[in-house]
Amino acid sequence: MASETASDAPVALLTGTNRGSGRAIAAALHARGYRVHSLNRTPAGESWLGEHRCDLTDPAQLAESVAQVLAETGRLDACVANAVDRVLDPIEKLSAEDWDRIVAVNLTSVFQLMKAVLPALRRSGGLFVTMGSNASTHYFEGGAVYSATKAAVKALMETLLLEERCNGVRGCLVTPGAIANLEGDETPYKISTESVGRCVAEIVHTWPTDLVVGEVELRPAALPRPPVTGIDRLLHV
């Protein structure tokens, strides 16, 4: 079989690939032959990432960046909305500015990205993947805005599935637990970024196209001993 030319290779567009799990997803797709393009507010400066400097809180800038990618590639086979912002302040201390920025990055930019790439994904029968979080259903002190945005993304993705399957577009929400996203974090109770990258790349590259898995939940394989168990948990509600 003839080798695939660069122009024939599938194209993946990702957000937030300059570090952590986003970079690992990009690397795993690149290793599988995808032409990777990235929208990053702070570029990593590596050519294989196909970076476009983009502030995702600016809808006009996001739309322009997507248009540039599509003009360069002529196609889009997969889009991974990975970029995230997070402030873990309690409601009492959470500023309106932080709330608005995190909603813009974690939720509104996913909607704007979805709108921008839908025509191309319809043409290719492509896949839109969003990185969610177990925080969408497991709440914790200091997680108000993070959990709220991830819960809203879950609703957005389910609606995409209802509306766009008839147009040939598939969608998958990847819902991970704790990820060792910070450099040097080697705790056994978190998922490695490499494992996240491998999982998402397999969803994009090898899963059958005649099925949709609406949501995939990822949890760390190792579980630390909880400080409180059983009915005593009610003491901490």
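**Exercise 1.** By class, which residues make up the lining of the second largest pocket?

*Solution.* Begin with the classes: five lining residues are nonpolar, four polar and five charged. Here Ala, Val, Leu, Ile, Met, Phe, Trp, Tyr, Cys and Pro count as nonpolar, Asp, Glu, Lys and Arg as charged, and the others, Gly among them, as polar. A word on the source: this is a predicted model, where local features need pLDDT of at least 70, side-chain atom pairs count only at pLDDT 80 or more, and totals for chains, interfaces and linings use all residues. Residues are numbered from 1 along each chain as its sequence is written, and side-chain values use heavy atoms, leaving out hydrogens and water.

**Exercise 2.** Find the residues with the most contacts inside the largest nonpolar core.

*Solution.* A nonpolar core is a set of buried (under 20% relative accessible area, 1.4 Å probe, protein chains only) Ala, Val, Leu, Ile, Met, Phe, Trp, Tyr and Cys residues joined through side-chain atoms within 4.5 Å. The largest one has 26 residues, and L13, L76, L113, V117 and F128 have the most contacts inside it. Next, look at the elements: β1 (11-15), α2 (59-73), β4 (78-81), α3 (96-124) and α4 (144-164) each give two or more residues to this core. Helices (H or I, at least four residues) and strands (E, at least two) are DSSP runs, numbered from the N terminus. The largest share, seven residues, comes from α3.

Methods
Buried means under 20% relative accessible area, exposed over 50%, partly exposed in between (1.4 Å probe, protein chains only).
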